[in-house]
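Student: I would like to learn how to read a helix and a chain interface. Please take me through an example.

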Amino acid sequence: MSVNDRLRRVFVETLELGEDVHVEELKYRDLEAWDSLGHMSLVAAIEDEFGVQLDTEQVIDMSSFKVAVDMLRGLGVSD
Amino acid sequence: MTGPAPGGARLVHDGARLIDAARGRTLAGAELRAALGAVADAYAGLPMGVVFARVGITLDSALRYLGAVEAGRPVALLDPALRTATLADLVERYAPAAVVGLAEGGAGADPGELPKGYRRVELPALGPAWVHETAPDHAPHPDLAVLLATSGSTGSPRLVRLSRTAVLDNARAIAAALDIDAAEVAPTSLPLFYSYGMSVLNSHVHAGATVVIVDGGVLAREFWQAVDRYGGTSLAGVPYNYEMLARIRWSPAKHPSLRTLTQAGGRLRPELIERYHELVTAAGGRLFVMWGTTEAAPRMTTLPAERLPEKLGSVGPALPGGRLSVLPGDGVETRVPHVTGEIVYRGPNVMLGYAESAADLSRGDDQGGVLHTGDLGYLDEDGYAWITGRLKRIGKVFGIRVNLDDIERIARDTGLVSGPLAATPAGERVVVWCEGAAPENLAGLVAAQLRVHRSAVETRAIEALPLLPSGKVDYRALEASAA
């Protein structure tokens, strides 16, 4: 599975997103589910799924799904 | 034009500055005064009575609030994410002159349908509003300035009534305790409808300092960009914020302008207090641990930063103008050190009282400057308060008093519930709320432990336990929904 697909699954499962949500277009605080608590859950789930550890700046910079994909690729995660 | 409001001093000092980080706009001096004046003039055109303001973290919200206080128009600060049914109920019960800030709020925020007896209008300086078609039956008390929602037992939030004196005095006392001067720059890390967030705004504008209005909170990139861009000097957080920041290994050292951290809104783990004290001290700054409650507008104590290491775990002495005492079980109030009981606060910042109805808005001072805080603790030799817990939450099962915290422990000890749970009283019975699903045999097991009949304990599933802005379980809201 591609990084994109794996990350999409992490988002959908962690934030309990419905099928109508365009995950790829999602930005922090667009939905009630992606609030600060959701953000911390996402960070933990991403760290588990991809075996990475995010630093302060990365957690704060992770302001959208797209940013998260780029960040993971930057950390050396590949398809 | 509007002069100073009845009752004397202004909340907003002439040197105060508001910065709208999203738009890169600064309002200060004559321009800020004119903006507040325009808001005040718009309020003057409304029917008599209190105004409900849905307040997001926006410059417009800050102006609607500050302008109301400056104009002597009592204003209730409401969470824009309130459920539409809750807002409708509040409007019906308190019959405000108007509801402003209809466009405020982010994801999921919706004011709902136009309430009966109101018309929707576009007001100059205030924006879209619901305005009452007639003047309300009850004139608000002349001392009333700010109303904040807190949970009540009657099924929907009740309002805490704060006088102009309470708000101004607390703003001044906080500024004194934290050395807030005109050079300070505070970003809005907390909601403005939350008493702690409101007090950051109040204490800074009153001291002629700067408030950077930036939405998103401490996990948002825009927040830290604004801190760096505008030279934010302080950060206010509740335990939940500091827990999150610890989780992401945040350090104040990364933001060189940051000199002051403040913490209130509940008990932060001593390890984290120490950690942030060390981090910020190493960066040349200070950490203040504080204690407050909405009913005290809200600040009651502040621990001087230099005494934090020797007083780790204390919330400090009363603010200037306030006094602490302890009411132990024998009912004789005392200031004798190390006597444990309910902490009682006296000061000019204590609320006038609660309001549960429109008629209550006309009430004067019910408290006489005395507040029984509901927090248990003691004072030490230096008069510093140490909070040890809350007064026992007591329920009744068939006439027998039970400690609800014990019931929560019993329910958890069954091992049947993995998620959050909470116990609330419901008449002669007790309700145990479980997030997600309520296990079928939980009520039976809890009742057996308590040696009461199975029907004395009810279990209910709830999607999510209601939380206070401090992250603690909102028991009063839960209790109300059991009714």
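Student: Which elements do the buried residues of α2(A) pack against?

Tutor: This is a predicted model, in which local features need pLDDT of at least 70, side-chain atom pairs count only at pLDDT 80 or more, and totals for chains, interfaces and linings use all residues. Residues are numbered from 1 along each chain as its sequence is written, chains are lettered from A and ligands numbered from 1 in the order in which they are written, and side-chain values use heavy atoms, leaving out hydrogens and water. Helices are DSSP runs of H or I with at least four residues, strands are runs of E with at least two, and both are numbered from the N terminus. The buried residues of α2(A) pack against α1 (3–15), α3 (56–61) and α4 (65–74) of chain A, and also against α7 (239–247) of chain B.

Student: Which residues of α2(A) are buried?

Tutor: Buried means under 20% relative accessible area, exposed over 50%, and partly exposed in between (1.4 Å probe, protein chains only). In α2(A), the buried residues are A:Gly38, A:His39, A:Met40, A:Leu42, A:Val43, A:Ile46, A:Glu47 and A:Phe50. An α-helix has 3.6 residues a turn, so residues three or four places apart point the same way.

Student: How many residues does helix α2 of chain A have, and what is its reach?

Tutor: The expected span of a helix is 1.5 Å times one less than its number of residues. Helix α2 (residues 36–50) of chain A has 15 residues and reaches 21 Å from first C-alpha to last, close to the 21 Å expected. Just after α2(A), A:Gly51 has a positive phi of about 60°.

Student: How many residues of chain A are in contact with chain B?

Tutor: Contact means heavy atoms within 4.5 Å. By that rule, 21 residues of chain A are in contact with 16 residues of chain B. Buried area is the accessible area (1.4 Å probe) that two parts lose on being put together, summed over both. Between chain A and chain B it is about 1600 Å², with 55% given by carbon and sulfur atoms. In chain A, the residues that lose the most area to chain B are A:Met40, A:Thr56 and A:Ile60, together 36% of what that side buries.

Student: How many salt bridges cross the interface of chain A and chain B?

Tutor: A salt bridge is a side-chain nitrogen of Lys or Arg within 4 Å of a carboxyl oxygen of Asp or Glu. The rule finds 3 across this interface. One of them joins A:Glu57 and B:Lys254 (3.7 Å, N to O). As for the side of chain A that touches chain B, its largest share, 7 residues, comes from α2(A).
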